[in-house]
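User: Got a model up here and I'd like to talk through some of its aromatics. Can you take a look with me?

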Amino acid sequence: MSFIKFIGTAGARFVVSKQLRSSGGVWMSVGETNLYIDPGPGALVRCLNGKPKLEPSALDGILLTHKHLDHSGDVNVMIEAMTEGGLKKRGVLFAPEDALEEDPVVLRYLRNYVEEVVVLKENTEYRIGEIPFSTAQKHRHRVETYGINFKVKPHSLSLISDTKFFPELPDLYRGEILIIHVVRLKPVVDEPIEHLSVEDVKTIVKEVKPKLTILTHFGMTMIRAKPWEVVSELEKELGLKVIAASDGMKLDLERDLKD
Ligand SMILES: [Zn+2]
């Protein structure tokens, strides 16, 4: 079965540091291929304690959309778990260059544990097993950040990682399933951290018209506003299916999106 599981749905500093929600990122399984996206703090524990348990030694790859701690906190321990302590050289690590070179978040001694370290660049196609994917242009975020288009079947899936909104953004992510990192309820003018708000989501969803939109990576203002209430308002306004991810939520990628 192909699925994605939201190991954690927390975004930004306060929700992560207080663990108001878990911050583990996303596990994706397509056919026989398992890819972990953004293993934030708690990824390993949440995988092993989950029901059913997800076994990191079954991973074929780990992908960092960027190096910020809420996306990379557990990357080292996940590499160690994927490779069974480095005893089994396996898997591919995908990460932007600045996550590897400048103030790196991936420890150098662990890089030999994986079969390959692939540097993510703009507008480039990649593949890990049964998961072909591509990056779009660099996001507007403080560190090098990419969103991902997964060309999986039967439904294409796009993930918009952290960014400040920019006009080309909706056009870059045309997946039938669209996952958006929504840290803020309301936009903040000249926000230094550069995150998307619910207003930006409206702009994106109106243009892309995905069959299913999933919001995740919530900051404090989203948590206070109750994400499930925010999405029910959005559904009414947009006339499209929008759901709020919750910790542990699993989505069958083969399901009929009309359900
Ligand atoms: Zn983030």
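User: Is Phe 94 buried or exposed?
Analyst: Phe 94 is buried, at 2% relative accessibility (buried is under 20% relative accessible area, exposed over 50%, partly exposed in between, with a 1.4 Å probe and protein chains only). Keep in mind this is a predicted model, where local features need pLDDT of at least 70, side-chain atom pairs count only at pLDDT 80 or more, and totals for chains, interfaces and linings use all residues. Residues are numbered from 1 along each chain as its sequence is written, and side-chain values use heavy atoms, leaving out hydrogens and water.

User: How many aromatic pairs are there in the whole structure?
Analyst: Six, where rings of Phe, Tyr and Trp (its six-membered ring) pair if their centres lie within 6.5 Å; planes under 30 degrees apart are stacked, over 60 edge-to-face, the rest tilted. Phe 94 and Tyr 126 are edge-to-face, because their planes sit at 80°, with ring centres 6.0 Å apart.

User: Which strands hold those two?
Analyst: Phe 94 is in β5 (residues 92-96) and Tyr 126 in β7 (residues 125-128), so the pair ties together parts 32 residues apart in sequence. Strands here are DSSP E runs of at least two residues, numbered from the N terminus. Tyr 126 is buried too, with a relative accessible area of 11%.

User: And what about Phe 94 and Phe 133?
Analyst: Also an edge-to-face pair, 5.1 Å centre to centre with 80° between the planes. Phe 133 is in strand β8 (residues 131-135), 39 residues from Phe 94, and its relative accessible area is 0%.

User: Which residues make up the cluster?
Analyst: Phe 94, Tyr 126, Phe 133 and Phe 150 form one aromatic cluster.

Terms used:
Helices (H or I, at least four residues) and strands (E, at least two) are DSSP runs, numbered from the N terminus.
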